[in-house]
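Take a look at the structure below. This briefing covers a sheet and a pair of helices.

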Amino acid sequence: MNGPVGKAVSDDLSEAVTYPVDAFISREYAQAEPERLWSKVWQQAGRVEELKQVGDYITYNICHDSILIVRDTPETLRAFHNVCPHRGRRLVGNNTGGGPKTVAQDTGAHSAKGNRLRFSCNYHAWTFDLDGSAEHIPDAEDWGGMLDHVCTSLTPVQVDTWGGWIWINMDMEAGPLREWLEPAASLLDPFQFEAMRYRFRQWGIFDCNWKVALEAFLEAYHVQGTHPQLMKYGDFYSFSRVIGMHSQTGFDSKEKREASAAATSVHRAAGEDDPRYTIAKMQAEFWETIGGSTTETLVKAAQRLPEELPEGTPAAEVHRHWLESARRDDAARGVDWPEISDREMAAAGLAVALFPNMNLIPGPTFSLYYRVRPYGTDPDKCIFEAVALDRFPEGEEPETEWTYAEQDLSQWPHVIAQDISNMVEVQRGYKSQGFKGNLPNPWQERKVTNLHRNLARYMDAGAPTPIPGPSDATEHSRLSEIKEGAQNAEHS
Ligand code: FES
Ligand SMILES: [Fe+2]
């Protein structure tokens, strides 16, 4: 059991590992993130449905950078650094990335949005077309012909779409989005997220590192400790697995690991009780205490199970009947489910983490997802978002806005509030001198470990390393052994 200390871990992260706390609490680490990490990775920056008309724009702020994304033609989007090339004024204001408050345009909103056919800077009135080129420079002749297109244009950023989301990458040399998202994109394509629309989107600024907030949703190992009220529906035992840069969890059983993975991302609900009632109760509870991870149609169809099926109907049959009748209900109101085979359902699993900062629960007619970003370069703060997508009959999609909610548990759905209740306590705990380093579950928490392995590749610090296993050492020398392991992890 004595694992080699400081050595690289295996590709599938199957061994017991540890990693240090710098990624969560070090100011130096947080200050290095914009350049080492965020300037190089594809990031989900919004939904295509937010940019319908030519000239529609949104901003996406990450650390101290702000990105302006605009629909420049009916078919295409463009993205630019949101900064005026003249003397550096932020072109479109709003302050959610952190840092100093802006004055005139700071609405305190989640992000800026609107419609403009050209962007005029409020400082000296340089004006830019939707393709980013300077359309008007007051007194341009004063430069005596020294200005060219490149120096006067907005600085471009890569932009692409997948799943109905807009993705940006500040690195113009970075490879294509699709390549970045694979193999996760292929697992998730059958769900056709591009046909879903926002049902709710809530955000807040929390007092913890963005990784602490994201990790609160990466695994189901925490259900027994954090959401004990859900244990009556099954044990939520789940496998976790590396899928390239990304990772996933799926329902599992201790007896037959993975072999019994539920062939659905819609929780079956288990236990000794009558499955008709268990599914009905669980769906009602999900709707009330999460507000996502299911839909109104699924909840209503579940409530009918006891009257539609005889007592003693096997659980798998109840589950199939429930999904089929929900599918029929949706079809009747003009909402068609995509064809997703059992194999495709099982392959997608319970939840997929897309590196670096998004985790999504896929369903045939819904998705519940979380995106978390740093707040400036403050290691102790983050911008947290929870979003529910649904399918709607064409023309009946609701108009939604980002709703701000304090880090006050009463302002969040109960189950999400339970997750939030761990965040600040973890951030505090990581500063304890008595904390010896993380010990993620090697079977159920590989998503968390994979995040840190990936981060270490960008940040050059904090790589997970195998823990030294039990030994006959005295308590004192065992402690120094563990500490040494964590230090090696820090420097690897
Ligand atoms: S800084 Fe924008 S026009 Fe001068
Ligand atoms: Fe949770």
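Two strands count as paired if DSSP finds at least two bridges between them. Strands β10 and β11 have 5 bridges joining them. Keep in mind that this is a predicted model.

**The sheet**
- An open sheet is built from 7 strands.
- Their order is β2-β11-β10-β5-β4-β3-β6.
- The pairing in this sheet is antiparallel.
- β2 (43–47) and β6 (113–115) stand at the edges.
- Each of these two has a single partner strand, so one side of each is left without a neighbour in the sheet.
- On average, neighbouring strands of the sheet are turned by 30 degrees against each other, with direction ignored.

**One strand pair in detail**
- β10 covers residues 156–162, and β11 covers residues 165–169.
- β10 and β11 run antiparallel.
- Across this pair, D160 stands opposite W167 in β11.

**Two packed helices**
- Helix α8 spans residues 275–289, and helix α11 spans residues 315–332.
- The two helices pack at an angle of about 45 degrees.
- Their axes lie 9 Å apart.
- Is α8 parallel or oblique to α11? The angle makes α8 oblique to α11, because angles under 35 degrees count as roughly parallel and those from 65 to 115 as roughly perpendicular.
- The crossing of α8 and α11 is right-handed.

**Where the helices touch**
- From α8, the contact uses P275, R276 and I279.
- These meet A315, V318, H319 and W322 in α11.
- By class, the contact of α8 with α11 has 5 nonpolar, 1 polar and 1 charged residues.

Notes:
Residues are numbered from 1 along each chain as its sequence is written. Chains are lettered from A and ligands numbered from 1 in the order in which they are written. This is a predicted model: local features need pLDDT of at least 70, side-chain atom pairs count only at pLDDT 80 or more; totals for chains, interfaces and linings use all residues. Helices (H or I, at least four residues) and strands (E, at least two) are DSSP runs, numbered from the N terminus. Axes are lines fitted to C-alpha atoms, for helices over the stretch in contact, and angles run from 0 to 180 degrees between N-to-C directions. Angles under 35 degrees count as roughly parallel, over 145 as roughly antiparallel, 65 to 115 as roughly perpendicular and the rest as oblique. A crossing is left-handed if the near helix is turned anticlockwise from the far one by less than a right angle, and right-handed if clockwise. Two residues are in contact if their C-beta atoms, placed from the backbone, lie within 7 Å. Ala, Val, Leu, Ile, Met, Phe, Trp, Tyr, Cys and Pro count as nonpolar, Asp, Glu, Lys and Arg as charged, and the others, Gly among them, as polar.
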